[in-house]
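Trainee: Could we go through this one together? I'd like to start with a single pair of residues.

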Amino acid sequence: MFAPVYLDHNATTPLDPLVREAMLPWLGARFGNASSRHEYGRAARKAIDEARSRVAAAVNAHPTEVIFTSGGSEANNLFIKGAAAMMKPGLVALSAIEHPCVREPARQLMRSGWCCEEIAVDGSGRIDPQAFDRVLADKPRIVSVMLANNETGVIQDVEVLAGAIRKRGGWMHCDAVQALGKIPVDFRALGVHGLTLSAHKIHGPLGVGALIVDKRVELAPLVAGGGQERSLRSGTENVMAIVGFATACDVAVTMRNERSAHLAVLRDALERGLTALGARLFSAEAPRLPNTSFFAIPGVDGDTLVGRLDRAGFAVASGSACSSADPEPSHTLLSMGVDPELARAAVRVSLGAGNTRQDVDGFLAALGESLASLRTMTAVAV
Amino acid sequence: MLKFPIYLDYSATTPVDPRVAEKMIPYLTELFGNPASRSHSYGWTAEKAVEEAREEVAALVNADAKEIIWTSGATESNNLAIKGAAHFYSGKGKHIITLKTEHKAVLDTVRELERQGFEATYLDVQENGLLDLEVLKAAIRPDTVVVSVMFVNNEVGVIQPIAEIGELCREKGIIFHVDAAQATGKVAIDLATLKVDLMSFSAHKTYGPKGIGALYVRRKPRVRLEAQMHGGGHERGLRSGTLATHQIVGMGEAFRLARLEMAEENARVLALRDRLLAGLTTIEETFVNGDLANRVPHNLNISFAYVEGESLIMAIKDIAVSSGSACTSASLEPSYVLRALGRNDELAHSSIRFTIGRFTTVEEVDYTIDLLRRKIGKLRELSPLWDMFKEGIDLDTVQWAAH
């Protein structure tokens with residue numbers, strides 16, 4: 001089978017073979033329902049407890065602070081709606097570049113009397129400190145700022161922001177889905193009250209994530225029922241996925257330094273090549289994840305280019321996976337003040353642990369050829 | 001050769017059928033794309049697999065694939081259906097009707113809605129576990145917006161009169177939700193004829209993986225819901241979150257196998273269940289809980305009188321069974337389902353749910369019968385209550401001394 005070179009790791013990642021090995025017994029003979037009292041059930045319960053400890057350890061949290069969910073979207077929904085449900089309506093504030101699964105739940109709160117404010121970012125995609133101070137003055141009850149952006153890879157000073165929010169008595173939430181495994185993610189050091197993790201961005205399975213939540217935060221559940229996950233998330237536990245998530249966390253933490261160094265070398269080589277081909281790099285001056293390059297070739301439509309690259313055997317994205325059916329240009333870029341015309345040209349390359357220098361060189365060659373052929377076509381058309 | 005403990009708890013969860021697992025593996029290996037990725041073949045391959053599975057789930061229940069929404073499981077489906085419909089139609093009224101014997105996923109959801117200002121009626125069932133339609137008719141009010149009744153009870157396996165309830169609800173313009181987690185592969189479900197508006201499904205009760213379920217949302221006449229999970233707008237905005245391709249593929253295959261094999265499998269399972277029933281009812285003072293005629297073929301729920309529940313569970317560790325629904329069996333409260341059927345605390349405590357499945361053998365059933373006969377005999381030998389019963393003393397008339 002012809003397998004294109006996969007350069008879209010911020011959308012999802014291939015499952016680590018070690019993770020798969022850990023999961024398979026739970027797809028086979030170890031099938032018990034963790035709520036059952038017999039041997040099958042107790043084995044499942046034990047596996048979940050162990051997994052919880054390992055996920056907690058990966059982000060320096062306590063096992064009782066880990067709530068398993070069906071993924072990052074659910075974890076984000078749970079914190080924002082769950083915390084809001086326990087308070088009087090007030091202000092919820094989020095960065096202008098949050099993922100839709102933070103933005104949309106926050107907007108939902110407006111229906112129950114909440115106000116929602118966005119914290120502006122600067123041209124490099126970093127939170128604008130003055131904008132942050134202005135929002136802070138309005139005493140937000142809930143604030144959500146992502147640790148690393150899915151499109152640009154820009155890293156925010158969440159620790160500093162969280163400190164300021166804490167002083168004002170607000171709850172600080174952080175979506176760390178894209179950061180885990182690439183930069184250190186320490187729940188205690190970040191000082192946030194809620195932290196969202198996802199397995200499938202770190203070579204774990206689709207369909208599982210976690211909300212790490214400070215014991216002081218009272219949450220209302222989104223999903224009621226059998227009382228699993230301390231009644232914060234009912235439903236029969238997906239043991240196989242939870243075990244896989246824990247293994248993926250182990251690997252992500254153990255391999256982080258090595259992988260990040262490898263990714264940074266590849267990314268730098270990629271970006272040298274991109275610049276040589278006339279690309280405009282977004283957020284290059286900001287602290288970024290080592291694996292993400294977001295760029296545009298002025299005058300070349302991003303979707304068209306991405307289609308060409310796919311046919312040439314390279315899988316990349318023109319926007320974030322969830323909203324890429326949406327013909328609107330990247331919300332993140334528009335928030336950064338990028339001209340909509342240029343934003344429409346945006347292409348995202350997100351590297352993964354399995355990528356090699358050949359992948360990068362091959363990609364650059366394919367990009368060069370695609371651009372040459374597109375320009376010839378344009379020339380003919382003109 | 002028997003493998004211990006013998007698994008007779010197929011209503012708690014089922015093993016993943018090896019054919020299902022095999023179908024899932026490629027999606028845990030090279031076909032790892034995000035189905036929402038629109039720009040490359042990894043994404044398209046995943047999306048195609050998701051849509052094929054959607055067709056399979058729809059086919060089992062004779063629905064249109066467009067009416068199937070993926071969720072993380074039946075609990076989430078129940079939450080989405082009941083809260084989603086109650087909120088969307090709250091302008092019409094704020095009264096919800098359900099049964100006392102529903103699963104916690106429904107009961108807790110309705111209770112949450114009560115806290116939000118809805119009113120709820122929890123209907124009694126008859127001694128056989130079935131809903132009396134007249135009771136439902138009497139409970140319906142002008143402001144009733146949602147009726148939620150499970151297809152098959154998880155503890156006693158009785159099948160509710162879904163078709164009749166559907167007619168009644170449709171006539172009154174009430175949204176009818178059915179939790180079918182325990183029904184798929186056990187009873188034929190035809191959503192082209194049943195007047196059901198919303199139906200919850202689970203994969204792991206039907207030989208598929210845990211962590212995946214679906215909600216049927218009728219299109220004609222169209223049923224509207226308020227989403228409960230917001231974000232990227234997946235599943236036509238009704239349920240955001242990256243789709244778990246391998247799980248979805250597993251559910252599709254599990255439901256396909258159920259459609260192809262259920263007639264044959266149910267006949268085989270029913271024969272085993274009847275063998276178990278015949279064997280266990282030779283033990284004196286045993287009572288079957290729930291109607292035997294309107295019942296799924298794989299469930300047997302029996303109370304053994306004059307035996308203490310916890311001792312019984314400890315004595316039969318060779319078999320993996322439930323003494324209540326799996327979700328509540330960690331507590332020592334007697335089953336609320338059996339209580340609703342009018343069983344007293346003692347009989348509820350000494351009840352065992354045996355649920356037979358695809359991989360159960362005759363040898364396992366025979367071993368179970370023999371084990372129960374021996375252990376119950378032994379426990380009753382030690383029981384003063386059993387002696388008194390044997391001496392003809394009516395225990396209900398005994399005045400017990402306080403101590």
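Mentor: Gladly: A:Ala296 stands opposite A:Ala346 in E12(A), strands being DSSP runs of E with at least two residues and helices runs of H or I with at least four, numbered from the N terminus. This is a predicted model, in which local features need pLDDT of at least 70 and side-chain atom pairs count only at pLDDT 80 or more, while totals for chains, interfaces and linings use all residues. Residues are numbered from 1 along each chain as its sequence is written, and chains are lettered from A and ligands numbered from 1 in the order in which they are written.

Trainee: How many bridges join E10 to E12(A)?

Mentor: There are 5, and strand E10 (residues 292-296) of chain A runs antiparallel to E12(A); two strands pair if DSSP finds at least two bridges between them.

Trainee: And what order do the strands of the open sheet take?

Mentor: The order is E9-E10-E12 in chain A, with antiparallel pairing. Strand E9 (280-281) and strand E12 (346-350) each have a single partner strand, so one side of each is left without a neighbour in the sheet.

Trainee: Switching topic, is A:Arg230 buried or exposed?

Mentor: A:Arg230 counts as exposed because it has 11 C-beta neighbours inside 10 Å; the cut-offs, with C-beta atoms placed from the backbone, are 12 or fewer others within 10 Å for exposed, 20 or more for buried, and partly exposed in between. A:Arg230 lies in the loop between strand E8 (209-213) and H8 of chain A.
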